[in-house]
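Here is a walk through one predicted model, sheet by sheet, with a stop at the ligand. Keep the structure open while you read.

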Amino acid sequence: MATGSRDAPAITGVVLAGGLARRMQDGGSDIDKGLVAFRGRAMVAHVLERLAPQVDRLLINANRNQGEYRRFGHAVVGDAIAGYAGPLAGLHAGLQAAATEWVVTVPCDSPFFPHDLVARLLQAAQDDGADLAVARTGEQPHPVFALVRRTLLPDLEQFLASGQRKIDRWYAPLHTVTVDFPDPAAFSNINTPDELAAFERPDAPFRIPLPLAEALPLAEVERRTEGFDRRALPVAAARVIMERFIAPIDSPEPVELPQCLDRVLARDIVSPIDVPAHDNSAMDGYAVRGADLDPQAPTRLVVVGTAFAGRPFDGALAPGQALRVMTGAVMPTGADTVVIQEVVRSEAIEDPAAAQAVIIPPGQEIGQNRRHRGEDLAKGKPALRAGKRLTAADIGLAASLGIGALPLQRRLKVAFFSTGDELLSLGDVPAPGKVYDSNRHTIRAMLTRLGVEPIDMGVVPDRREALHAAMLEAGRVADAVVSSGGVSVGEADFTREVMAQVGEVSFWTIAMRPGRPMAFGRVGNAYYFGLPGNPVAVMVTFYFFVRGALERLMGAAATTPATMRVRSRSAVRKRPGRTEYQRAILGRGEDGIVEASVTGSQGSGVLRSMSEADCMMVLGHDQGSVAVGDWVEVIPFHGLL
Ligand code: AMP
Ligand code: MG
């Protein structure tokens with residue numbers, strides 16, 4: 001927590017969600033402000049998330065929908081006095097329920113308050129020996145952002161018992177300090193549907209209302225994930241946590257077909273037409289009336305004309321007639337069957353109106369070689385599903401329906417940077433102990449491959465203030481942040497402190513090789529992925545965690561990675577209890593079966609072996625050593641890295 005040292009007084013954060021929110025009422029519907037969807041989560045989830053790192057425990061003051069509020073994983077307390085008596089009633093309930101020396105209140109509709117709110121209020125209260133610290137920006141007080149010593153409870157009870165309700169009236173005679181914060185916007189609150197809409201800018205990253213169960217703080221998601229162990233986290237459990245924690249964006253924009261490849265479809269596309277639009281011939285041949293054909297003997301029909309694809313025959317087929325048809329030609333009225341030209345014998349005739357007659361052999365099936373209207377896709381049926389990452393086939397399908405632009409999710413913005421004092425950027429002169437920063441370039445390339453907009457934030461030195469500033473900036477401008485380095489055991493302490501100040505970030509040791517240490521969470525509006533520093537570990541953790549997580553964030557439906565089972569040409573020593581990723585090269589054995597051989601050095605700093613490999617051999621968590629000739633699973637790199 002931001003209050004730092006171990007003997008800091010314990011603080012309970014009370015989120016005030018007990019009001020009636022009259023101004024949020026929308027056409028008579030009963031809206032609970034804390035539960036309104038804002039940027040993809042309940043409003044109160046944003047507030048809880050921001051407050052959690054600043055306090056020791058959290059409480060929610062709510063008088064309605066208490067069951068819903070409980071799903072965020074914290075105690076919920078109602079007012080002890082009746083009549084929706086306002087913030088003081090919430091503070092009163094909080095003071096009663098809290099067992100800590102201090103209680104801090106924040107309203108449930110102010111999701112942007114400062115990350116150092118509590119630390120600064122506490123500092124000021126302690127410096128001044130005050131019982132109460134209240135935030136202000138310049139002349140403007142923010143009385144509901146208050147830190148209150150619990151010993152004030154009897155005083156508050158007396159005040160309320162006298163029938164008074166006004167918060168500043170209660171404050172007036174107390175020993176109070178006010179603390180000036182620089183940014184009034186940080187104290188914005190959202191009271192009306194219009195204000196809500198204004199904050200939901202079209203480029204705001206999170207807009208899907210989620211089931212509330214998914215809007216949990218990260219620590220709660222971890223706690224509820226089976227197999228969670230931050231010191232030996234199975235790969236599968238880490239993936240589950242990311243999936244549960246990440247709320248997909250939903251901000252569709254229309255995009256013309258030529259720009260659609262690889263992007264994510266935001267809405268189902270319903271076919272506006274039948275495909276094909278008419279019954280038509282599947283072959284070159286003769287369209288006939290099935291009822292005319294003699295099943296036992298050849299049938300002679302008069303050919304009355306020709307239909308081409310795109311040039312239909314005007315008129316109907318009368319009994320005894322046939323129409324010459326090309327593949328794709330509209331079936332003439334009356335015809336239900338096509339006889340392929342190869343089996344038909346033609347015969348010149350005298351009739352000047354008809355070019356020829358044809359002899360159809362017996363044994364035709366009624367209805368054969370005819371494509372039915374709407375058989376590929378009926379009008380009104382979904383042609384493409386939301387969440388699809390669009391392929392060449394999908395784009396062709398859209399065009400076949402006459403659709404020239406598709407509603408796609410906007411591209412994600414992903415900021416990335418490298419950390420480390422040893423890093424040189426391109427163009428720098430080599431120096432002893434220094435290495436060129438390769439990770440930033442690898443990461444940019446992988447992000448580009450994924451179709452997101454990369455934002456290069458450069459190299460961040462191993463300094464607290466520098467990391468702090470970089471994280472705040474990244475969390476402001478991006479939907480996700482990827483960093484490399486600084487999460488290994490030796491360095492994590494310092495990164496950990498910074499992260500606790502700027503967001504909600506968890507540090508894990510993953511049961512995998514390469515790439516054990518990793519950080520995950522949220523900073524500002526962005527999800528955060530702290531990858532290890534070793535260049536190969538960066539690629540492996542990106543591919544096996546970040547890629548899928550970003551796909552989820554961009555609104556893409558989950559897909560199964562294309563794996564192959566191949567024969568191993570190498571013996572690999574492995575112990576169960578962690579997932580191992582071996583760089584490997586595919587080839588064929590003498591019997592034609594596909595085989596994989598692991599590349600020379602598997603050290604996690606050896607980028608060259610990654611460059612030589614064309615697949616990753618994945619040895620599962622519970623698997624043991626591999627002998628030459630064993631079957632193993634590989635994931636080909638083609639198109640992925
Ligand atoms: P770290 O995780 O920061 O302790 O880094 C682990 C190893 O990876 C060290 O040998 C670093 O020098 C190296 N490393 C870290 N970041 C980069 C980078 N951006 N490019 C190349 N090597 C790096
Ligand atoms: Mg480092």
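Seen in the order 5-4-1-6-8-7-9, 7 strands make up an open sheet with mixed pairing. Strands here, like helices, are DSSP runs numbered from the N terminus (E, at least two residues, for strands; H or I, at least four, for helices), and two strands pair if DSSP finds at least two bridges between them. Strand 5 (75-77) and strand 9 (176-180) sit at the edges with a single partner strand each, so one side of each has no neighbour in the sheet. From one strand to the next, the twist averages 30°; angles like this run from 0 to 180 degrees between N-to-C directions, using lines fitted to C-alpha atoms, for helices over the stretch in contact.

Look at strand 6 (residues 102-107) and strand 8 (residues 140-149): they pair antiparallel over 4 bridges, and threonine 105 stands opposite alanine 146 in strand 8. Helix 1 (residues 43-51) packs on this sheet, touching strand 1 (11-16), strand 4 and strand 6, with its direction at about 165° to that of strand 1. Contact here means heavy atoms within 4.5 Å. Helix 3 (residues 87-97) lies across strand 1, strand 4, strand 5, strand 6 and strand 8, running at about 145° to strand 1.

Strand 22 (residues 413-419) runs parallel to strand 25, joined by 6 bridges, and serine 418 stands opposite valine 459 in strand 25.

## Around ligand 1

Which residues are closest to ligand 1? Of the 15 residues that surround it, the closest are Glu422, Asp437, Gly486, Glu491 and Gly533; a residue counts if one of its heavy atoms lies within 4 Å. The shell divides into 3 nonpolar, 9 polar and 3 charged residues.

For polar contacts (pairs of N or O atoms within 3.5 Å), start with the side chain of asparagine 439, which has an N or O atom 3.2 Å from a nitrogen atom of ligand 1. A polar backbone atom of glycine 486 is 3.0 Å from an oxygen atom of the ligand, and a backbone N or O atom of asparagine 534 lies 3.3 Å from a ligand oxygen atom. Taken alone, ligand 1 exposes 480 Å², and the protein buries 78% of that (Shrake-Rupley areas, 1.4 Å probe).

## Two cis prolines

Valine 275 and proline 276 are joined by a cis peptide bond, with omega near -10°; proline 276 is in the loop between strand 11 (269-270) and strand 12 (280-281). The bond between arginine 513 and proline 514 is cis too, with omega about -5°, and proline 514 lies in the loop between strand 28 (512-513) and strand 29.

## Reading the numbers

Residues are numbered from 1 along each chain as its sequence is written, while chains are lettered from A and ligands numbered from 1 in the order written. In this predicted model, local features need pLDDT of at least 70 and side-chain atom pairs count only at pLDDT 80 or more, whereas totals for chains, interfaces and linings use all residues, and side-chain values use heavy atoms, leaving out hydrogens and water.

Definitions and conventions: Polar contact = N/O pair within 3.5 Å; in protein donor to acceptor, adjacent residues only side chain to side chain. Nonpolar A, V, L, I, M, F, W, Y, C, P; charged D, E, K, R; others polar.
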